[in-house]
Amino acid sequence: MKSYKIFAQMFFIGKSYELTKKILFVEDNQLDRLILTKILDDLDVEYLSSDSAESFLPLVKKVNPDLCLVDLNLKRIRDGEFLIKAIRNILGADLPIIIISGEDDTEAIQYNLKNGADDFVCKPI
């Protein structure tokens, strides 16, 4: 899996396109959300965050992001998995979706990578 530096280069400052314009992320842990917010502030990108699947999905529909960061283990089991599938249904296959999770269940990670997520970054970031 890719480290934070590769993650930042690939999706924020690398590849063949300019700096990502709009990032949406969902993270239910307050400290992890604060850390990710600090990273995104330092990268000077526009972002919106949510702490639940219920509040995140309407943002996806409204904002049409360039990148989604999804915590795999939100408060309810499988909320992250549900969100990945919902994002794909709403915005299609071209939008990068990156799992951000402390999950160490490689089967769950592989399942989500095969079913819509593009990459995985292990917390803490």
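This is a predicted model: local features need pLDDT of at least 70, side-chain atom pairs count only at pLDDT 80 or more; totals for chains, interfaces and linings use all residues.

Reader: Then is Ser50 buried or exposed?

Author: Ser50 is buried, because its relative accessibility is 5%, under the 20% cut-off. Ser50 sits in strand 2, residues 46-50.

Reader: What does the side chain of Ser50 reach?

Author: The backbone oxygen of Ser52, at 3.0 Å. Leaving aside residues up to four places away in sequence, Ser50 also touches Phe25, Val26, Glu27, Arg33, Ser55, Phe56 and Leu59.

Reader: Let's follow Phe56. Which residues have the most contacts inside the largest nonpolar core?

Author: Phe56 is one of them, along with Cys68, Val70, Leu83, Ile84 and Ile87, in a core of 21 residues. Two or more residues each come from strand 1 (22-26), helix 3 (53-63), strand 3 (67-71), helix 4 (79-91) and strand 4 (97-101). Helix 3 gives the largest share, 5 residues. Another core, of 12 residues, lies apart from that one and includes Leu36, Leu43, Leu69 and Val121.

Reader: And backbone angles?

Author: The general idea is that most residues other than glycine have a negative phi. Now look at Asn64: its phi is near 55°, a positive value in a non-glycine residue.

Reader: Where does Asn64 lie?

Author: In the loop between helix 3 and strand 3. With a relative accessible area of 45%, Asn64 is partly exposed.

Definitions and conventions:
Residues are numbered from 1 along each chain as its sequence is written. Side-chain values use heavy atoms; hydrogens and water are left out. Helices (H or I, at least four residues) and strands (E, at least two) are DSSP runs, numbered from the N terminus. Buried means under 20% relative accessible area, exposed over 50%, partly exposed in between (1.4 Å probe, protein chains only). A polar contact is a pair of N or O atoms within 3.5 Å; within protein, one must be able to donate a hydrogen and the other to accept it, and residues adjacent in sequence count only if both atoms are side-chain atoms. Contact means heavy atoms within 4.5 Å. A nonpolar core is a set of buried Ala, Val, Leu, Ile, Met, Phe, Trp, Tyr and Cys residues joined through side-chain atoms within 4.5 Å.
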